[in-house]
Amino acid sequence: MTETMTYARYLALDDLLACQHPRSDADDELLFIIIHQTKELWLKQMIRELRLALEQVRADRLVPAYKALARVSRIQAVMTLSWDVLATMTPSDYSRFRHALGPSSGFQSDQFRTVEYMLGLKDGKFLTYQDDRPEARAAMVTALGAPSLWDEALAAAARAGLAIPAAVLGRDVTQPYEPSEGVEAAFLEVYRDPQRYWDLYQLAEKLVDLDDAMAAWRHKHVLTVERVIGGKRGTGGTAGASYLHSTLSKRAFPELWSLRTLL
Ligand code: HEM
Ligand SMILES: N[C@@H](CC(=O)c1ccccc1NC=O)C(=O)O
């Protein structure tokens with residue numbers, strides 16, 4: 001006989017709520033764990049939406065792709081807002097359990113890197129942190145080797161008649177994307193005549209939403225880091241806030257930003 005479905009069974013609550021294991025008696029460690037676990041759940045959902053959006057753009061189904069992309073940027077907004085919950089943890093609160101973290105760091109989040117790769121921010125060096133997690137590593141390798149959202153958007157733009165340079169369309173997608181003047185010029189056409197290229201124009205603005213939300217998340221991260229650990233080095237081995245500052249200029253869709261100067 002099958003068991004009656006209940007709230008707890010459907011949501012696997014006994015599993016979910018057994019996954020928090022503070023390593024100290026510090027009051028704020030549970031909050032720290034829960035913030036990170038919710039972030040990993042949202043990243044899981046983002047990866048799914050991005051996969052869907054990639055497939056839809058590849059098939060020239062741009063309108064359904066907007067829906068998935070809009071959901072991604074709303075999830076990003078929730079993740080950015082969650083910094084305000086974590087910022088209630090003071091430097092003295094954090095210092096009570098920071099030692100328990102050892103050399104672990106958000107730097108090692110495979111799902112965060114998978115999202116970066118799917119957007120087009122490719123850097124294979126992050127694979128090295130997954131030597132003990134073959135499935136996580138494999139998902140990163142797949143995202144690293146596949147065309148990014150920007151690669152697919154540029155291919156769709158070329159199919160729609162925009163003059164995307166052949167070298168860009170045939171690029172090695174495992175490598176970091178290099179901004180191209182030809183791509184900037186092509187999208188300048190779209191922004192100068194939105195009515196004519198309405199679908200690509202909408203897609204471009206959805207992609208700017210994603211870059212914008214990612215940058216907002218990065219800004220709030222570095223601000224929270226400065227508030228909680230000041231200029232201390234990171235547990236992951238970087239210089240800390242100054243390293244995080246250097247990531248603020250990362251853009252997955254660089255020409256969509258640079259063309260604004262030319263409009
Ligand atoms: C008190 C809270 C936090 C502090 C002090 C902190 C500090 C840092 C530092 C110093 C780094 C640089 C790598 C290193 O050397 O460790 C880093 C990276 C990172 N952290 Fe945090 N972090 C905090 C909370 C969070 C939270 C809540 C998240 C996710 C929701 C997060 C996600 C990440 C990610 C994804 C990176 C890699 C960023 C990149 O390389 O672009 N961190 N963090
Ligand atoms: N990098 C942080 C530690 C940290 O925040 C962290 C540690 C383990 C798991 C996730 C973390 N979050 C982001 O880096 C620090 O230097 O204090």
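In the predicted model, the shell around ligand 1 is made up, by class, of ten nonpolar, 13 polar and one charged residues. Of the 24 residues around this ligand, those that come nearest are Ser-105, Gly-106, Gly-234, Gly-236 and Thr-238. Two or more residues of the shell are given by each of the elements α3 (29–58), α11 and α12, and the largest share, five residues, comes from α11.

The surroundings of ligand 2 consist of His-36, Arg-98, Leu-101, Ser-104, Ser-105, Gly-106, Ile-229, Gly-234, Thr-235 and Gly-236. Divided by class, the residues of this second shell are two nonpolar, seven polar and one charged. Ser-105, Gly-106, Gly-234 and Gly-236, which belong to the shell around ligand 2, are also among the residues that come nearest to ligand 1.

The UniProt record can be set beside these shells. Under "binding site", in an unreviewed entry, UniProt lists Phe-32, Ile-33, Ile-34, Ile-35, His-36, Tyr-94, Arg-98 and Thr-235, and of these His-36, Arg-98 and Thr-235 are found around ligand 2. Ile-35 has its place in helix α3 and counts as partly exposed, because 15 C-beta neighbours lie inside 10 Å, a number between the limit of 12 or fewer for an exposed residue and that of 20 or more for a buried one. When residues up to four places away in sequence are not counted, Ile-35 touches Ser-82, Val-85 and Leu-86. Thr-235, by contrast, is found in the loop between α11 and α12; with 18 C-beta neighbours inside 10 Å, Thr-235 likewise counts as partly exposed. The residues that Thr-235 touches, with those up to four places away in sequence again not counted, are Leu-101, Pro-103, Ser-104 and Ser-105, and of these Leu-101, Ser-104 and Ser-105 are themselves part of the shell around ligand 2.

A "binding site" annotation, likewise from an unreviewed UniProt entry, covers His-221, a residue that lies in helix α11. His-221 is partly exposed, because 19 other C-beta atoms lie within 10 Å, whereas a buried residue requires 20 or more. Apart from its neighbours within four places in sequence, His-221 is in contact with Trp-83 and Leu-244.

The buried residues of α11 are Leu-200, Leu-203, Ala-204, Lys-206, Leu-207, Leu-210, Asp-211, Met-214 and Val-225, and they pack against α4 (62–86), α6 (110–119), α8 (149–159), α10 (181–192), α12 (241–246) and α13 (254–262).

One of these buried residues, Leu-207, also figures in the largest nonpolar core, which has 41 residues and in which the most contacts are made by Leu-50, Ala-53, Met-118, Leu-149, Ala-153 and Leu-207. At least two residues of this core are supplied by each of α3, α4, α6, α7 (134–145), α8, α10, α11 and α13. In soluble globular proteins, nonpolar side chains tend to be buried together. With neighbours within four places in sequence left aside, Leu-207 is in contact with Leu-149, Ala-153, Phe-253 and Leu-256, and of these Leu-149 and Ala-153 are listed with Leu-207 among the core residues with the most contacts.

At the level of the whole protein chain, there are 13 helices and zero strands, and the C-alpha atoms fill a box of roughly 60 × 60 × 35 Å along the principal axes. Of the 263 residues in the chain, 25% are buried. Among contacts with a separation of 6 or more, 68% are accounted for by residues 24 or more positions apart. Ala-12 and Val-173, separated by 161 residues in sequence, are 38 Å apart in space from C-alpha to C-alpha.

Definitions and conventions. Residues numbered from 1 in each chain as written. Chains lettered and ligands numbered in written order. Predicted model: local features only at pLDDT ≥ 70, side-chain atom pairs only at ≥ 80, totals over all residues. Helix = DSSP H or I, 4+ residues; strand = E, 2+ residues; numbered from the N terminus. Contact = placed C-beta atoms within 7 Å. Near = placed C-beta within 6 Å. Nonpolar A, V, L, I, M, F, W, Y, C, P; charged D, E, K, R; others polar. Core = buried A, V, L, I, M, F, W, Y, C linked by C-beta atoms within 7 Å. UniProt positions renumbered as here; feature names shortened; annotations may be inferred.
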